[in-house]
Structure formats: structure tokens, C-alpha cells
Amino acid sequence: MSNQWMTLLPIFLLLVAVESSDHLPLGDGPGECSKLCNTGVDMNGNECNTRKCLLQTYKDDSLSLSYNPEWVNFFHTDKTEPDRYPYMKEMSSAKAVAGNWKIQYFGNEGDQVVCEGEKIPFLDVNDELKGAEELHENPPDCNYYLRLTNGDSIVRFTRSNGILNKYASKKWNDWATGIVSFKGYWRVYKDSKWGGDYFDICEGDDVTAINKGLKEEGLVGTISGVQRLSCCGKNNPNRIC
């Protein structure tokens, strides 16, 4: 084998290893570390300074009451053992400390994406947590937003919040009179904790038509919950994607 091939072989093997692994680069340039929260190497083969994935869940909607973390916290791609179900089924809120997560629920219910750094004060399906999976990627949900207005000012939502009538969010309860702009898929509710009438907003919908629909459904000045979905909720009440 020529000296040229001997020089290129380690580079080729490294490229194959990176391509075949599940370490997803954050960017296109060399040296970018993977999105994995546990271990990994960058595209030059150097070890990444990564941190452990962690999703914390709580019994209440203020992200404060919990059991032993062994039963209700999730690390990496984790865990749906049946002996954890009695504890997980009491969970009402969650915080993605590190990593982006997909939460699964019992019953015929769609999953919920919780993005790194997000605090969800009331889960999309309360007290029905079945398990969670770290996504090892940046899902499109994490770039969705919903801009609401009361006619004078604008507030931008980027995550689900089913209790706009409580805590720091209560100033937005029954506040919005219309939609300014949005990205992705959303559902707004008349009552807190995903109660009462709701209205689905989907990618591609016309803002003028949305505001007309909100008025027809009696949701002008009455919105108490905003829910970020992974797909269009029209004719899809359980948000299954």
C-alpha cells in the first residue's frame, strides 16, 4: 500500500465511524460536537465535553413536588418499566434540564415534545405519564412559536402552558384577542387545564381566517391555555402524529 493511501486510511475510517454512528453533528463544520448528552466525539475524533441528559417530572403543576428521583426522572433513552408506572401516572409537570425529550402517555394519546430548558407547568395529558425518550436531535417543535395580542401589545409563546390562570402566567389569562403570527402547530383552549372549547392552528393557515375562527368560537379574550403540537390537530383531538 502506498504512503498516500496509508495517510488517507485513518481519515477514511474516522469518516465511516462518524457517518455510521448516532452522534448527530450540530453543524456542518469540522469540530462540531454531537447533540448526545452523554458521550461522543466531534468530527475530528476528539472527545466532546458533553453532559448527561435529564428530564425531571413532578407531581404538581408548580414543578416542586416529587418522589424519589430514581422513579420519576429520566436519563438518556429511558425507561418504561411497569414498576415505575404507579409513580409516573401521578406526574403533572416536567422540566428538560438537558436534551430534547418526547414524553409518552397511556391511552390513545399523542406524544409531547419538551425541548431543552423548557419548564412545562401542566403536561398535555395530566397524570398519565408512561415514559420518555431523549431525541438526540433538534425536533422542529423546538422552533415553533405563537404570537398573541390584546390589540395593544404582543406576547410570544414557545411551549405548552395549560394554566395561564396561575402563577407568573396569570397575567395572560383571558388576555389575547387575536393571533399576530405563528410557526408550527398549536391548539388554544378556553379553559385552563385543557378544558372547554378549543381551536386548532396549523402550519399554512391564514392569520385572518384564524382570527375570524377564534371570534366565531367565542375565544376572543377567553384563552386560558396554549398547547404546542407536533402535527395539525384538526380532526385529531388526541394529537396523534
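How many nonpolar, polar and charged residues does the lining of the second largest cavity have, by class? The close-up views below begin with the answer, and the model they show is a predicted one.

**View 1. The second largest cavity and its lining.** By class, 2 nonpolar, 2 polar and 4 charged residues make up this lining. They are Asp 111, Gln 112, Val 113, Asp 124, Asp 141, Arg 228, Leu 229 and Ser 230. Two strands, strand 4 (112-114) and strand 12 (225-229), each give at least two residues to the lining. The volume of the second largest cavity is about 40 Å³, and a search of the whole structure finds 3 cavities of 30 Å³ or more.

**View 2. The largest pocket.** Here the space amounts to about 170 Å³. The pocket is lined by 15 residues, and Lys 102, Asp 111, Val 113, Ser 230 and Cys 241 are the closest to its centre. Sorted by class, the lining of the largest pocket has 6 nonpolar, 3 polar and 6 charged residues.

**View 3. The largest nonpolar core.** Look for 19 residues in this core, where Leu 146, Leu 148, Phe 157, Ile 179, Val 188, Ile 201 and Val 226 have the most contacts inside it. At least two residues of this core come from each of strand 7 (145-149), strand 8 (154-157), strand 9 (178-183), strand 10 (185-191), strand 11 (195-201) and helix 4 (207-216). A second, separate core has 18 residues, including Leu 55, Tyr 85, Ala 96 and Ile 120. Now pick out Leu 148: leaving aside neighbours within four places in sequence, its contacts include Ile 154, Phe 157, Trp 175, Ile 179 and Val 226.

View 4. Which residues of helix 4 are buried? They are Ile 210, Gly 213 and Leu 214. These residues lie on the same side of helix 4 because they cover an arc of only 100° around the axis. The partners that the buried residues of helix 4 pack against are strand 9, strand 10 and strand 11. Turn to the other side of helix 4 and you will find Thr 208, Lys 212, Lys 215 and Glu 216, which are exposed.

**View 5. Ser 160 in its loop.** Ser 160 sits in the loop between strand 8 and strand 9. Is Ser 160 buried or exposed? Ser 160 counts as buried because its relative accessibility is 3%, and buried means under 20%. Not counting residues up to four places away in sequence, Ser 160 touches Gln 112, Ile 120, Pro 121, Asp 124, Trp 194, Val 226, Gln 227 and Arg 228. Val 188 is 28 residues apart from Ser 160 along the chain, and their C-alpha atoms are separated by 9.6 Å.

View 6. Asp 127 has a phi near 60°, a positive value in a residue other than glycine. Its place is the loop between strand 5 (119-120) and strand 6 (129-134), and at 30% relative accessibility Asp 127 counts as partly exposed. Arg 239 is not a glycine either, yet its phi is positive at about 60°. Arg 239 belongs to the segment after strand 12 and, with 5% relative accessibility, counts as buried.

Key. Residues numbered from 1 in each chain as written. Predicted model: local features only at pLDDT ≥ 70, side-chain atom pairs only at ≥ 80, totals over all residues. Heavy atoms only, no water. 1 Å grid on protein atoms, 1.4 Å probe; cavity = no way out; pocket = protein on both sides within 12 Å on 5 of 7 lines; lining within 4 Å. Points joined across faces, edges and corners; volume = space filled by probe spheres on them. Helix = DSSP H or I, 4+ residues; strand = E, 2+ residues; numbered from the N terminus. Nonpolar A, V, L, I, M, F, W, Y, C, P; charged D, E, K, R; others polar. Core = buried A, V, L, I, M, F, W, Y, C linked by side-chain atoms within 4.5 Å. Buried < 20%, exposed > 50% of the residue type's maximum accessible area, 1.4 Å probe, protein only. Contact = heavy atoms within 4.5 Å. Arc of directions from axis to C-beta.
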